[in-house]
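Trainee: I'm new to this one and would like a close look at a single part of it. Could you walk me through it slowly?

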Amino acid sequence: MRIDRFIGVAAVALAAAGTVQAAPTARDARVWSAAQAARPAQLQLLQQAVDIDSGTGDVEGGRKLAALLIPRLQALGMTVETVAAEAPGLPENIVATLKGTGKGRILLIGHIDTVFGPGTVAQRSFRMDAEKAYGPGVSDEKGGVIEGVYALQILHDLGFKGFKQITFLIETSEERGSPGTQALIHRLLTDADVELNLEPGDPPDALTVWRKGSTTFHIDVKGRAAHAGIAPQDGRNAAVELIHQLQGADSLPRSGDGLTANLTLMSAGTRNNTIPENAQAQINVRVRDKADIERVDQLLRKNAETTAIPDTKVTISREPAYPPLPSNPATDALAGRAEAIYAGLGMKIGRAGNGGASESAMAADAHVPALDGLGPVGGGFHSDAEYLDLKSVTPRLYLLTKLIMELGANPPAPMK
């Protein structure tokens, strides 16, 4: 095929897929200069945030982070409210609001809870090398939250008011599916034209335009305890029955772009000489189609009706779920705006999707256009290898700031 014909065919294919790059938006010299100047202070605040343990459920850690961030938001003229969590054992959420003179109502969402337990910072605190920053929650999602703070700082310093309202939700239970924030998120979405999510960008430099939905199923087995040496026949082994139930879920896929179901936690028994009376397991389920959650629910409940160990009882329950963020024209249009802004820097940003759930799915479910993965690029999430790509810090801060400015002047229409 001749190269000119190849290029023409490729262009048609990209247009059909809705991924043709928009014309570059000219670089805003003032915003770019401000983003560059902000870098040292931005990284210093990130270090302070990372060096506070704040695993989900760490109330003290969450409050320490709030004490770090709230004064900075107030100094920008924002009205700041702390909102009690909707579930026990969680720190308060932060809602900061700023009124302007433009059209768009913009909801920024970030989370400060991590998956790491108390004492993690003492073992591996914030550090940087020439290319990356490391530490618990450095990119998931403290890097994004701090980026949000500095985008607002730039708008403040430039005197930009061309938005109707900016609301910045900093929540504290995203890593467990936002059990302490779901009602609050729904309420804030009723007063928003667009949601911008500060989850990290995917390597090498991509926005998140689709996400899987997520929930966790609990399998609880009740058996009967007995002495394992004298009268094991009198027991009803809950652990063995739990294994039977897990085998019944083996038909569910464990990897792939569609439905996945993976065993993540299990426990049984209390003593090494006693037949286990209780056993528990958790299966984390990710879906592209909401209907798949119900399909898994039906399978597990049907399996629970048949036990391999007589006189055992199996109970199935599930946690609140994030819906999927589906591929959709509204998100694609927002991604197009972001691509044009990045192109003005002479850079290219990609589009990606993944199995990690986020609040953006709730926005799309409420017909509010949403764009995700706007934080700095990162990787190694939920592990000791978590990192933040330092070369993405300034371009991503510029991108978020310019998106807010553009959406303030020209908000998207509601999703159909």
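Trainee: Which residues of strand 6 point one way and which the other way, and are they buried or exposed?

Mentor: Before we dig in, this is a predicted model, where local features need pLDDT of at least 70 and side-chain atom pairs 80 or more, while totals for chains, interfaces and linings use all residues. Residues are numbered from 1 along each chain as its sequence is written, and side-chain values use heavy atoms, with hydrogens and water left out.

Now to your strand. Gln 165, Thr 167, Leu 169 and Glu 171 point one way, Ile 166, Phe 168 and Ile 170 point the other way, and all of them are buried (under 20% relative accessible area with a 1.4 Å probe, protein chains only). That makes 7 of 7 residues in strand 6 (strands are DSSP E runs of at least two residues, helices H or I runs of at least four, numbered from the N terminus).

What about its neighbours? Strand 6 pairs with strand 2 in the antiparallel sense over 6 bridges (pairing takes at least two DSSP bridges). Here Leu 169 is the bridge partner of Val 95. With strand 3, residues 105–111, the pairing is parallel and runs over 7 bridges. In that pair, Ile 166 stands opposite Ile 106.

Gln 165 and Thr 167 are among its lining residues, and they point one way from strand 6 together with Leu 169 and Glu 171. Val 95, the bridge partner of Leu 169, lines this pocket too. Strand 1 (79–83), strand 2 (93–99), strand 6 (165–171) and helix 6 (182–189) each give two or more residues to the lining. Strand 1 has the largest share, 3 residues. By class, the lining holds 5 nonpolar, 4 polar and 3 charged residues.

For context, the largest pocket has about 830 Å³ of space. Of its 32 lining residues, Val 115, Glu 175, Asn 284, Arg 286 and His 382 are the closest to its centre. Strand 10 (213–222), strand 11 (260–268) and strand 12 (278–287) each supply at least two lining residues there, with the largest share, 4 residues, coming from strand 10. That lining has 8 nonpolar, 15 polar and 9 charged residues.

Notes: On a 1 Å grid over the protein atoms alone, a cavity is a set of points where a 1.4 Å probe fits but cannot get out, and a pocket is an open set with protein on both sides within 12 Å along at least five of seven lines; lining residues have an atom within 4 Å of a point. Grid points are joined across faces, edges and corners, and a volume is the space filled by probe spheres set on the points. Ala, Val, Leu, Ile, Met, Phe, Trp, Tyr, Cys and Pro count as nonpolar, Asp, Glu, Lys and Arg as charged, and the others, Gly among them, as polar. Buried means under 20% relative accessible area, exposed over 50%, partly exposed in between (1.4 Å probe, protein chains only).
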